Every structure is written in structure tokens, then in C-alpha cells.
Amino acid sequence: MVSLTATILKSSLFTPFTQSTTHGFPTNPITRPVNPAPHTLTVTANVSRKPQNMIPKNPPARQNLYQPFRPPSSPVPPQFRSLDSAGKIEILAGRLALWFEYAPLISSLYAEGLTPPNIEELTGISSIEQNRLIVGTKVRDSIAQSLHEPELIAAFDTGGAELLYEIRLLSTTQRVAAATYIIDRSFDSKKAQDLARAIKDYPSRRGDVGWVDFDYNLPGDCLAFLYYRQSRENKNPSEQRTSMLQLALDAAESEKAKKKLEKELHGGGEEEEKVKVEEVKAVTIPVVRLKFGEVAGASSVVVLPVCKAEEGERNVLEAPREINAGGDFKVVEAERGWKRWVVLPSWKPVAAIGRGGVAVSFRDDRKVLPWDGKEEPLLVVVDRERSAVESGDGYYLVAGESGLKLKKGSVLKEGSVEESLGMVLLVVRPPREDDDDWQTSHENWE
């Protein structure tokens, strides 16, 4: 409500016909009184609408979202950053530093407009060598960032570009293992190339004779398997076959692979070949990659307690078995408290799971799927009610020295193992946008 007050002065006007004299002189016929009587006028108005876009009394503090531009750090070593093009060319032409120190100067000259032929003409470094230096530097940096072993990194200070260039297609973890193996065995660039090719090729050879006897996590075993396959391309017996088997034995790292190769060298390995082939082909593990938003869009879900593989069998045994959903809101209630839980869609392998369902988390999938590890975590869904080892083709969760692991039923039966922690129903990979090759349909599992 707004109140306005105005004061109106009432004038006493003399008519022109009225004469007034003051001290004998005529006065102005129109004169206002000295003390007029005030009149008050009050105007009242109701304001019923709120003004739009009113600023609150206590506005929330605004978050400063502005971030100043920070240019990326220059790959050029600090001692060379002040050089002009002529100075950089002089460093490259004279090789006046270690190879990984002057290699960034090549990329810097590219940015300044020089082409590989121009640099080759000015410095004597061929276009192929320029590419090898640039790529080798990037591989070296990736190894240095993931591994704090100055001695290993320093081993590539001389002539390391040729070696590191050959392992460029490997993952960071594989690069570290391959680099260590290369230095330990004093490999040249040709052998480093064979090693990288063997590591990349090994997963695709699943099902080949002898594949199960080699360890994918060991670069030496991958190289040994390459030589072993090449040995089988020669007649038995023959000098070429024996020579390739000896190379494989020298390259192998695991005891299992060495025993396999020794049998091949001294005879007795041919009898197991057909059995090994059938065994590998029979290995089937249901694997599915979870999609982004798949749980939210599922019509029904399954809630499971989660145990870490490295914590051993005790947690698997103590995890809740009874998990019920009741009431109008289907509130989930477990028989005992538990720290970690996971919600999964009701896929066919887990839809009918009853008491005893549990999910075991592995930090590295290479320990579960060694033939095609992607260096990512996994969840293995296990039915603890089916702990008896009955199926030779199935996989079971068992306790090992370094934690929990999966073993095939036929292997457990050979060792007279009748009980396990549970049968594996499903292996779940985390969602990832850049991997569409893994099956996501849950209707065509074997």
C-alpha cells in the first residue's frame, strides 16, 4: 500500500471591488493571507503484483567459472626453447644432444612450415628416421610416466628410438613389459619387431595347438608361442623345426611353456595335441559389456553383494545370501549388513539366481580372460549354491595363493577337486563408448 499526502493552501482573494488601505495607501486588490489554512489530501493505492525479476535479499554466491587459458607445455626441452629455426637445425644436423631431446625439435620445425624433405636436406635426417624419432620419444615418455625405473629408461638413451618405435602399437602396460624384456635379452630392432608382433597376434590365435600352455601376460611366452607355431610349419623331425623350438624355449618365461617346449624337443608332445585343441574350443565364458544407462532402462534388475578378488574366500563366504524385496516400494533387505553392492539388469544367466548370488570384482581382466585382456576391471557373477564341481566345461571360482581365480571344471576334476566357491554364470565388462565389438545381446550366449 502506498500513501501520498499533499498540502493545499487556500487563498483568500479580495475582489477588485474591495478596497483596503494600509497606512492610508491603497493595497493590491489580489492578495493572499499571511497564514493560509492547510488542507491535506490522502491518496491510497494497492499494489497487488510483485515486481518481476526481483533480486533476493540474500542472493547465492556466484561460482567463478572462468578459467584462464593455459597453453600446453612445450615438448621442446627447456634448453632449446629459445632457439630460432636456424639454431634448431644446427642442433639436429650435429646431433648435439640425446636423441629424445632433439627429436621434439623436428615437430617444432614442422609447425614452423618446414617439410620432412626440407629437414632431410638441411640436417641429413631422412623422413623415415624423423618419424621414428618422434614416435620413439612418445613411447619413451609413456613408459617413463608409468614406470619409475630410471635404469630401464636410461638403457634406451643410446639407439633407443629404433627399439621403442617397434613397440608403438602396444598398450602402456605391454610397452613396459616388452621394454624390460628387450633390455634383458639385448634385442635389436628386428627381434623387438617380432616381439611386438607376437604380443599383438597372440589373442587371435586362441584355439591353436599349444595355445593354453603359454601366458599372454608374459612377453617372452608370446614370442615363444610365435616360434612354436613356426616350428610346426616344418617337418618332424627336421633341423628347421628343432631350431625354431630351441628359439621358443630360450624365449619362454613361464615354467608351463618351458615344459611344453621341452616335450616337443624330446618327443611326447604329439599325443596331447588333439586333446588340447578340443579343450580350447570347448572353453566358453559368457561375457557381456554393460551399456551406459542400461540399468536405468531395464524392466527388472538384480541386486548382488560385491567382494574383491584380492580379499580371498572369507568375504565370499560371509557375503549375504538372503536378499529380499518387499512392500509396496519393493524395499531391498539383506540378512546382514554389507559394504559393497551392485545393480545389474536381469540378464538370462542371472535372472534365475536365487540364494547365494555374489559378484566378485577383479581389478585386471587379464587374470580372468588372459586370451583377450583389455586392462580393465571385471565383475564375475557367481552362484554359490552351485559349488559342487559337476560340469567339466563350466568355470568355477576357487581360492588361490594370490586371491580368487577362475578354473575350468575339467582342470579341477583332474586335481580331484570336488568343491569350489561357486559356479561362474557371467562375466561383466564396464561400459565404454569406444568398444562396440563385445557382445551385448543376452540371447545368443553359449
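Colleague: In this predicted model, does R95 count as buried, partly exposed or exposed, and what is its relative accessibility?

Modeller: The general idea is that a residue is called buried under 20% relative accessible area and exposed over 50%, with partly exposed in between. R95 has a relative accessibility of 34%, and therefore it counts as partly exposed. R95 sits in the loop between α1 and α2, and its phi is positive, at about 50°, although R95 is not a glycine.

Colleague: Where does S186 lie, and is it buried or exposed?

Modeller: S186 belongs to the loop between α7 (172-185) and α8 (189-201), and because its relative accessibility is 63%, it counts as exposed. The phi of S186 is also positive, near 55°, in a residue other than glycine.

Colleague: Which residues of α1 and α2 meet, and how many of them are nonpolar, polar or charged?

Modeller: From α1 come S85, K88, I89, I91 and L92, and these meet Y102, L105, I106, S108 and L109 of α2. Sorted by class, the contact of α1 with α2 has 7 nonpolar, 2 polar and 1 charged residues.

Colleague: Which residues of α2 are buried, and what covers them?

Modeller: The buried residues of α2 are W99, F100, Y102, A103, P104, L105, I106, S108 and L109. What covers these buried residues includes α1, α3 (116-123), α4 (127-146) and α6 (160-166).

Colleague: What span should α2 have, and how far apart are its end C-alpha atoms?

Modeller: The reasoning takes 1.5 Å a residue, so the 13 residues of α2 should span 18 Å, and the end C-alpha atoms are 19 Å apart, which agrees. Just after α2 comes G113, which takes a positive phi of about 110°.

Colleague: Finally, how many helices and strands are there in the protein, and what share of its residues is buried?

Modeller: The protein has 16 helices and 14 strands, and 38% of its 446 residues count as buried. Of the contacts between residues at least 6 apart in sequence, 64% join residues at least 24 apart.

Conventions: Residues are numbered from 1 along each chain as its sequence is written. This is a predicted model: local features need pLDDT of at least 70, side-chain atom pairs count only at pLDDT 80 or more; totals for chains, interfaces and linings use all residues. Side-chain values use heavy atoms; hydrogens and water are left out. Contact means heavy atoms within 4.5 Å. Helices (H or I, at least four residues) and strands (E, at least two) are DSSP runs, numbered from the N terminus. Ala, Val, Leu, Ile, Met, Phe, Trp, Tyr, Cys and Pro count as nonpolar, Asp, Glu, Lys and Arg as charged, and the others, Gly among them, as polar. The expected span of a helix is 1.5 Å times one less than its number of residues. Buried means under 20% relative accessible area, exposed over 50%, partly exposed in between (1.4 Å probe, protein chains only).
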